[in-house]
Amino acid sequence: GKTLATQMDWKEFFGSPEFHLVIGTALQNNKDLKTTALNIEEARALYRIERADLFPNVNVNADGTISESSDKSSVTGRASKSELYEANLGIASYELDLFGKIRSNNEAAINAYLATQEAHQVVRNALIAETANAYLQLLADQKLLSLTQKTLLAQQSTYDILAQSLEKGVSTEQDVARVATAVETARVNFHQYTRFVAQDKNALFLLMGIAQNNDFLPKTTLDDITIKDNLDPGLPSEVLLTRPDIRQAEYELLSRNADIGAARAAFFPSITLTGAYGFASQSLGDLFASGAAGAWAFLPQITLPIFQGGRNRANLDLAEIRK
C-alpha cells in the first residue's frame, strides 16, 4: 500500500545516505535554524516570567535606620539619637488576579512559546526542502555539464575531419563554417554549465553552513538518486492539521485572544497586597534575642482606573487589531 506522506520523516523520503549527509549538515550548521532555536528559548523564558506573576514574591528583608538631631533641629531643643533595626519576611506587591489579567498574560505567553516552536519547524522544513533542491540542481547541472563537454568534443572532432577534407577538396567551405558554428555553440554551452555548477556549489555550501570544499561534496550522480515514491498525500484537512505554519498561526491567534483579555481586565480595579512580618529592635545585638519586639505590616491597595487619557482603550484596540 501507499505510505502516508504526512507521517514520513525526511530521511525516509530521501533514501540516499549522501543525501542524509548534505541535509543533516545543513540542519546542524544553518544560522537561521539556530536563530529560531534561540527564539524558542527566549519565548520559554518569557513564559516562565509571566507565570511567576501568578504567585506572590516572598523576600527576606533586613534594614537599619540611625538618625541624630542637633539641639536646634530637635523638637525638644535637646540633641537626640535613635536607632531602629528590622528583620522581616515580606510579600512584595502581589496583585490579586480577580479579573484574569495575569492569567491572560500567562496564556498569551504560553501560546507565543508554542508558536515559536512551530516557527522553528517551519524554518526546518523549508531548509530541508531548499537544501534538497540545491543538491538536486547541482547533480542535474553536473550531468548537463558532462553532456555539453561530450558534445563539444564531438563537434570539435567533426570540425577537424571536415577541415582536413576541405584541404583535399572533398568538403565545402560552407560545411566547415556550419560545423564551426556548432563548435562555438557547444563551447558556449560548456562554459555556461561550468558557471551553473559553480553557482550551485556556492548555494549548497551556504545552506550547509560550511566552507567551500569539493572533497566534502558527495560523488553521487543524478542517476543514482532514489526518492520515495508511491506516496499517499492524505486528505486535505489532515494535511492542514499537520502543517507547522498552520499550527503556528493558530497559536498566535490564541495568544492575541489572550492579549485582548488582559487589555479588557485593565478597565477593572486592581488589588495589590504588600505585607511583612518579623522583628524590630533598637539595638542590632538584640534584634534576634528573646526580648525583640514583633513587627508586622499589611498594606492592601486598590486602584480603580478613571482617566488614563485613552490609554486603556487604545491598548484594547491594539490587541483586537493584532488579533
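Predicted model: local features only at pLDDT ≥ 70, side-chain atom pairs only at ≥ 80, totals over all residues.
Residues are numbered from 1 along each chain as its sequence is written, and side-chain values use heavy atoms, with hydrogens and water left out.

Let's begin on the surface. V58, V60, L89 and I91 make up a nonpolar patch there, with about 380 Å² of accessible area together. A patch here takes residues with over 30% relative accessible area and no salt bridge, joining like charges within 9 Å and nonpolar side chains (Val, Leu, Ile, Met, Phe, Trp, Tyr) within 5 Å. The areas come from the Shrake-Rupley method with a 1.4 Å probe, and for residues only the protein chains shown count as cover.

Which strands supply the patch? Strand 2 (58-69) and strand 3 (80-96) each give at least two of its residues. Strands are DSSP runs (E, at least two residues) and helices are too (H or I, at least four), numbered from the N terminus. Take I91: it sits in strand 3 and is partly exposed, at 34% relative accessible area. On that scale, buried is under 20%, exposed is over 50%, and partly exposed lies in between (1.4 Å probe, protein chains only).

Now, charges. Side chains of opposite charge can pair when their charged atoms come close. We call it a salt bridge when a side-chain nitrogen of Lys or Arg is within 4 Å of a carboxyl oxygen of Asp or Glu. How many salt bridges does that rule give? The count is 9.

Here's one of them: R247 pairs with E118, their closest N and O atoms 3.0 Å apart. R247 is in helix 7 (residues 244-265) and E118 in helix 4 (residues 101-167), so this pair ties together parts 129 residues apart in sequence. E118 is buried, at 12%, while R247 is partly exposed, at 24%.

Next, D223 and K143, with closest N and O atoms 2.8 Å apart. K143 is in helix 4, but D223 is in the loop between helix 5 (173-208) and strand 4 (231-232), so the pair links parts 80 residues apart in sequence. D223 is exposed at 58%; K143 is partly exposed at 41%.

Last stop: R256 and D259 form a salt bridge too, 3.5 Å from N to O. Both are in helix 7, 3 residues apart, which means about one helical turn separates them. R256 is partly exposed at 31%, and D259 is partly exposed at 23%.
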